[in-house]
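Please read them beside the sequence and the coordinates.

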Amino acid sequence: MSASSLVLASASPRRRELLRQIGVQFEVLPQDIDESARIGETPSALVSRLAQQKACAALAQVVRPGVVVLGSDTVVVLGETMLGKPQSQPEAVSMLMRLANTEHDVLTAVCVAINEKQDTVLSASTVRFRAISEAEANAYWATGEPVGKAGGYGIQGLGAVFVESIHGSYSGIMGLPLYETARLLYKFGVSCWLPTGKASSDEPGNIN
């Protein structure tokens, strides 16, 4: 199976950039699913379920045999509260002010599926923001970057100025943890820049 056998079930430009970063060739087949949390569903269960649903929905649309599909989802969690994608300036500013001068968690799940086989991994990272003034929060909204981003910020963009420290996966905070993703892809026979079978005994290509 070649890397061109991979389908990304996401419209996220960040996930496309991250896959290209590790040398993966792929096609894009975005999925529009209901991302609402179920009653009593934990953040980790939510992102895992949504990643699986995206992957399975895309897989059902692929007619070629032997195609591997990757689905992913990210959620920002502050305390016991999940922060979604802000729909307005007041909502985005409110999110940033709540995140300011404190720590929050970013959970990203990745599901890789082929035929009846699938596997899912979860990446959990902690981000600490510096203090943010309301004027800064409003100015940040005016850049347009918070739109469509969980938690209302992009760590890879202008929002990086708010980040005091992180613990965990930088790429996972962006939306696709590359270490975990590469291991999953190798497990399903999809190569990154390092061809399957060429890895050392410590590399993902030799996972049992």
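**Notes on the model**

1. The largest pocket holds about 660 Å³ of space. A pocket here is an open set of points, on a 1 Å grid over the protein atoms alone, where a 1.4 Å probe fits, with protein on both sides within 12 Å along at least five of seven lines. Grid points are joined across faces, edges and corners, and the volume is the space filled by probe spheres set on the points. Lining residues have an atom within 4 Å of a point; there are 35 of them, and Glu35, Asp73, Thr74, Lys85 and Gly148 are the closest to the centre of the largest pocket.

2. On provenance: this is a predicted model, in which local features need pLDDT of at least 70 and side-chain atom pairs count only at pLDDT 80 or more, while totals for chains, interfaces and linings use all residues. Residues are numbered from 1 along each chain as its sequence is written, and side-chain values use heavy atoms, with hydrogens and water left out.

3. Two or more residues of the lining come from each of H1 (13-21), H2 (43-61), S3 (68-78), S4 (81-83) and H5 (170-174). Helices (H or I, at least four residues) and strands (E, at least two) are DSSP runs, numbered from the N terminus. With five residues, S3 gives the most.

4. Which residues of helix H3 (residues 89-99) are buried? They are Ala92, Val93, Met95, Leu96 and Leu99, where buried means under 20% relative accessible area, exposed over 50% and partly exposed in between (1.4 Å probe, protein chains only). Seen down the axis of H3, these buried residues fall within an arc of 160°, so they line one face of the helix; the arc is that of the directions from the helix axis to the C-beta atoms. They pack against S3, S4, S5 (103-114), S6 and H4. Just after H3, asparagine 101 has a positive phi of about 60°.

5. Isoleucine 132 sits in the loop between S6 (117-129) and H4 (134-142) and is buried, at 7% relative accessibility. Beyond its neighbours within four places in sequence, isoleucine 132 is in contact (heavy atoms within 4.5 Å) with Leu96, Met97, Ala100, Ala137 and Phe162.

6. Cysteine 56 is partly exposed at 34%, whereas cysteine 111 is buried at 0%.
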